[in-house]
Every structure is written in C-alpha cells, then in structure tokens.
Amino acid sequence: MSRIINVGLIGCGNISHAYFAGSKNSEIIKIVACADLDPARAQTRAAEHGIRACSVDELLHDPEVELVLNLTVPKAHAAVNLAALKAGKHAYSEKPFALNSREGRAVLALAQRKKLLVGCAPDTFLGGGQQTARNALDRGAIGQPIAALAFMMCRGHESWHPSPQFYYEKGGGPMFDMGPYYVTALVNLLGPVRRVGGSTQSAFSKRLITSQPFAGTKIPVETPTHITGTMDFVSGPTATIVTSFDTWPYPLPCIVVFGTEGTMEVPDPNSFGGPVRLRSKDGKTYDEIPHTHTTERGRGAGVADMAYSILRRRRAHRASGRLAQHVVEVMESFEKSSTTNRHVLLKSTCTRPAALPLGLSPTQLDA
Ligand SMILES: NC(=O)c1ccc[n+]([C@@H]2O[C@H](COP(=O)([O-])OP(=O)(O)OC[C@H]3O[C@@H](n4cnc5c(N)ncnc54)[C@H](O)[C@@H]3O)[C@@H](O)[C@H]2O)c1
C-alpha cells in the first residue's frame, strides 16, 4: 500500500491522545494537522506530535487534508461532520453519531450527495474480543442465536468526573454515553434491529457533585438515567439492555448471547480485548476460548478501515455512518417507546459489518 490518507483532527481533548497513539503505527492514515475551539489546546497537541495547529476553518479548507477526524463533544458532532463534508472532506466522528436521528439523516444525505464517506465510533467491535465473539457465533459455536442480555449499570459520574454536568443534560444519560458501545456490539453480532421497546426513568431529579472543582453543586437531571430496553433483531433474536446512572454496582456481565446449542459471554464492548467465554449445551462450565483476532488494536481502527475503503472502493467500511445512524435511532427509540406506551418500528437499517479476516496484524484491516 503506497498511498496514505492525510487526516485533520478537530477536537483536541481527552480522547485525542488515544487517536494520536492509535494512528502512530498505521500503514494507511496520518494525522497532519489539528484544530480546536480552544487554540491553546490545538497548539499543545500539535507540539506533542510534531504536526501543525490551525483554526477549524483553516483545517476544513486545507488541501492536504482528505479526512476530518471529529473528536468534538457530542452536541457538535453533526455540525462538524456537515462542515467537513461541505468542504469536500470525508468525515469520521466520535460517538454518538448525532444527538437524534434527524440530525444524523442530514449528515448521511449530504455525504451521499457529495459522494464522500462518513464513519463513526465506536470501533471497539474491530478489537480481538468482539471479533472472537463474532467468529464463534458465525461458526455456530452456540447454534442459532435466540436472545441476548446487555448491562451497563453504575451510579453516575459526579463523584469523580471534574465536570459531570453534561452527563445529565439532554443528549446525555447512560444510553447516549455508553449505549453506542453496547448497541453497536449487538448489531455486529446479530445484525440490524427491527423494533424497540423501552421503559425509562430518572430516580433522582437532581445530582450532587462531590468531585472537584464543583463539589457541593446540585445539577438538574434533564434526561432519563435508567433505561430498560428491548430490541427485536431482523434476524430473529430479541435482546434486553439496561443502562443506568442510578444504581450501585453489581457484578453483572456486559453482554451474554444465548443460542440453541449454548451460551456465550461477550467481553466489555468498550474495550478492544477481553475474554470470550462459552458454555455448550452439554458443558458444565464457562470456558474461555482463545482469541481468533489480535487484541492489540486501539482507537483509530475505524478511521483506518474507512481509509482502506476510500482507497479501495471495492469494499464497505465497517464503522460506517449508516451503522451509527441505526444505533442512534435504536437509542432514541427506547425513550420514545416509554413515553408513547408502544413499540417503535425503526425507519433506518444497516448492513451487518463484515467480519475481519483472520490473521491480520494489529496495523492491518484488509487482507
Ligand atoms: N474521554 C474519553 O474517555 C472518551 C472515550 C470514548 C469516547 N469519547 C468521546 O469522544 C468525544 C470527545 O470526548 P473528550 O473526552 O475528548 O471531550 P473533551 O471535552 O476532553 O474534548 C473535546 C474537545 O473538543 C473541542 N470542541 C468542542 N466543540 C468544538 C467545535 N465545534 N469545534 C472545534 N472544537 C470543539 C473542545 O474545546 C475540547 O477540546 C465525545 O463524543 C466522547 O463521547 C470520549
């Protein structure tokens, strides 16, 4: 592979470190410039990585930049993606793809008109943990999938996060924050969702911040903080998901898939590794199976996969805008179902991403 894709990174906050690290050894992408609303942040990051810092506008109109990596905050994802597409660049953003499916549809429509690609995190489903689970499922290790469970339950982030306010604002909550990992992992395993049911609540109308620097401040809760949902997959299985910022911890698994011939525990979808455990219908214990794919990938794998797709038009990228848009519609439908007292039939769909081939090195995503 001789040509590489030059990437301009917008949003030089916490997660940008992981993307800089992940792109270092890539054979297909290179971060060449960075920008942030806060120019000092962009300059710091640029100095750390020997690239140039510029304004957002300069980056969007930089002829060297082909792909914009959008690591801004969730409420800016759609607007920054639209600006990148308008400027003729491919766009890949952090999760969630948008704050609602209307916003996300506008991004997909513009990308289609401009014949550009859009992609979105999470890309953890390209890691060895999720791909090993996918491989086991595809080779029939648990027979036909029947059902799945997914849990992400905790007591919220106001005891440790320095500025936890956004978790409780509209567009926050445990589903839009962590749901993308869980719903994407389930779609990677079971395919697209047909309909959704949900019951949502907020156990507390206010949250007391105990972390510094806002300790003692009470913040209003504007979003559901305990969401129980059901998903009926087009392929037949049904899944139950619970995401919560209201509950004290209990040792629940992250994801379990039940099949006609056995049960599989799937690792934390917010990691690139983790153990996959199987119990066959005749077995008495859950046994860890060897990873079939490397666990040494990191954030940025989805951007690299999209770069292969740009350079080799013959295949679709896996962490795609369509997948992420479907995930947004699933997540927003839990609350819609709860408030309307009925199931929600989904309007969007997506293709189940192709499994990664066996035998790839951590820097490869194409055979
Ligand atoms: N921090 C994590 O561990 C983590 C993990 C996975 C995913 N994410 C996701 O990554 C995204 C960013 O999270 P973070 O923790 O890095 O946040 P952050 O607040 O540390 O950084 C976001 C940066 O984006 C900049 N920004 C905001 N709006 C902008 C705009 N319109 N134009 C240019 N710059 C803008 C901010 O100034 C800030 O520097 C979020 O969507 C989050 O869900 C974060």
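Strands here are DSSP E runs of at least two residues, and helices are H or I runs of at least four, numbered from the N terminus; strands pair if DSSP finds at least two bridges between them. This is a predicted model, in which local features need pLDDT of at least 70 and side-chain atom pairs count only at pLDDT 80 or more, while totals for chains, interfaces and linings use all residues. Residues are numbered from 1 along each chain as its sequence is written.

Pick Leu67 next; its bridge partner in strand 5 is His90. Then follow the chain from strand 4 through helix 4 (residues 77–86) to strand 5, a right-handed β-α-β crossover (clockwise from the first strand over the helix to the second, with the strands pointing away from the viewer).

Now show the side chains of strand 5 (residues 90–93). His90 and Tyr92 point one way, Ala91 and Ser93 the other, and all are buried (20 or more other C-beta atoms within 10 Å of the residue's own, with C-beta atoms placed from the backbone).

On to strand 6 (residues 118–120), which pairs with strand 5 in the parallel sense over 3 bridges. Ala91 stands opposite Val118.

Finally, select Val7, Leu9, Cys34, Leu69, Tyr182, Leu186 and Ala307, the residues with the most contacts inside the largest nonpolar core, which has 89 residues (buried Ala, Val, Leu, Ile, Met, Phe, Trp, Tyr and Cys joined through C-beta atoms within 7 Å). Helix 7 (residues 173–190) gives the largest share of this core, 11 residues.

Notes:
A residue is buried if 20 or more other C-beta atoms lie within 10 Å of its own, exposed if 12 or fewer, and partly exposed in between; C-beta atoms are placed from the backbone.
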